[in-house]
Amino acid sequence: MIKKKFKQVLSLVMVFLMIAAVSARRDRKLLGYEWGARKTEKKAVKSDTLRVEKDGTIVVNTAPLAKDIVGYGGNVPLEISIQDGKVTSIKAQANSETPEFFGKAKSLFARWTGKTVDEAAAQEVDGVSGATYSSKAIIGNMQRGLAYVQKAKAQEDLASRFDLSAKTVCGLLVALMAAIVPLFYKNKRYRIVQQVLNVAVLGFWCGSCLSYASLISFTSNGLKPLAFPIATLLLIVAFVYPLFGKKSYYCANVCPFGSLQELAGRCVNYRIRIGATTAKRLDRLRQVLWAALMLCLWTGVWFDWVDVEPFSAFVFQSAAVASIVIAVVFLLLSTVVARPYCRFVCPMGTLFRIGS
C-alpha cells in the first residue's frame, strides 16, 4: 500500500516537472519567478503619478499628489524611485525654492533612502534648521508619495487575495457540490442537475475548466488559492483525489465539457457500439497524440495547440475558431458515442491518468 502511494506521489511529481519544463521553455518563468532575456522585455508603464521602468523600478511623481503642499517659493514636487520594495533614490523636480536653502533641505533625502516603503512612511523626520519651509514641503511630498504607494500595494494585494464576486461564489459552490456530493450520494436525477450546473456555471459563466493553457499559466505564474479558489479546488479534485482511490473523478463528475458530452448523449437513444479491439486502438492513438503534443510543447515547435482545446470554447467570445469547431464536432459525435473526446482524445485527461 505504501509502495503504491509512493508511486502515485512520484507520478504527480513527474507531471509537475513535465509542465514545469514547458513553462520554462515557453515563458522563462516558474511559479512567478522569471529569468533570462524575458526580464529585459518588460515595457515601461506610465501615468501622471506613477510609472514602472523596464527594470521594474517604480517611480512616483508627487506633483499631482501634493498640489496643496508648498515650500517658501511654491510647490516642491519629487520623484521617488522604489525597487524591490525599497526607496532607492529621491529626485527633486523643478521648483522655485531658494537654491541655498533647498540645498540644505535636500539632505533629508538620506533619511528615507534605503528603507522599505513601510519603514520610510513610518519615519518621523524633522525639518532642517534654516530651511524650514523647504523641509516641510519635502516631508509632505514624501508622505503623500509613500502613502500612495502603500495604498496601491494594499489594493493589489487585496485583489490578489480575495475574490468575492457573485460569479466566483456561485462557481465555487457548484465546484464544491461536484467535488463532494457524488462521493456520498449516487442518484441519476441529481447527476443530471449537477452536470447542467457544471456546464452552465463552471463552463459558460465562470469559464473554469482545467486545460493545458491554464495549467501552464499556473505553473509559470504561481497559483494564488484565495484569488483563484475555483481553479485551486479543481486541481485538488484532479490530482489529489486519485491518491485516495478516486481516479478520473474530475473527468467523470466535474469537467464541464465532459458533462456537456454526457448530457448531449442523453438526447439521442441511438448508440454506435465500439468493439473492444477498436476501443483499444483508439486508446493507443490517444496516447500517441498526447506524446506528440507534449513533444511540440517541449521543443517549442507548436505552443499554440493549447489554445484550441475545446474547453476554451465555453468562453466563446474570445475563443479561437478552431476551438469552437472542435468542441461542436465532438459535441455532435457525443450524441451517438459516449464521451468521445474524453475517452479517445483529451490530452488533459491523459495527463490526469499519468498523475494518478
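## L297 and its surroundings

L297 is in contact (heavy atoms within 4.5 Å) with V22, R25, Y212, I216, W302, F303, W305 and V306, leaving aside neighbours within four places in sequence. This is a predicted model: local features need pLDDT of at least 70, side-chain atom pairs count only at pLDDT 80 or more, and totals for chains, interfaces and linings use all residues. Residues are numbered from 1 along each chain as its sequence is written, and side-chain values use heavy atoms, without hydrogens or water.

## Nonpolar cores

A nonpolar core is a set of buried Ala, Val, Leu, Ile, Met, Phe, Trp, Tyr and Cys residues joined through side-chain atoms within 4.5 Å. Buried means under 20% relative accessible area (1.4 Å probe, protein chains only).

The largest core has 56 residues. Y212, Y250, F257, L297, M348 and L351 touch the most other members. Another core, of 25 residues, lies apart. Among its members are F102, F109, V128 and M142.

## The open sheet

Four strands (DSSP runs of E, at least two residues) form an open sheet, ordered β3-β4-β5-β6. Pairing (at least two DSSP bridges between two strands) is antiparallel. β3 (50-52) and β6 (86-92) are the edges; each has a single partner strand, so one side of each lacks a neighbour in the sheet.

Four bridges join β4 (residues 58-61) to β5 (residues 78-83). Six join β5 to β6. E79 in β5 stands opposite N61, and its bridge partner in β6 is K91. The β5-β6 hairpin has two residues between its strands. D84 in that turn has a positive phi of about 55°.

Definitions and conventions: Buried < 20%, exposed > 50% of the residue type's maximum accessible area, 1.4 Å probe, protein only.
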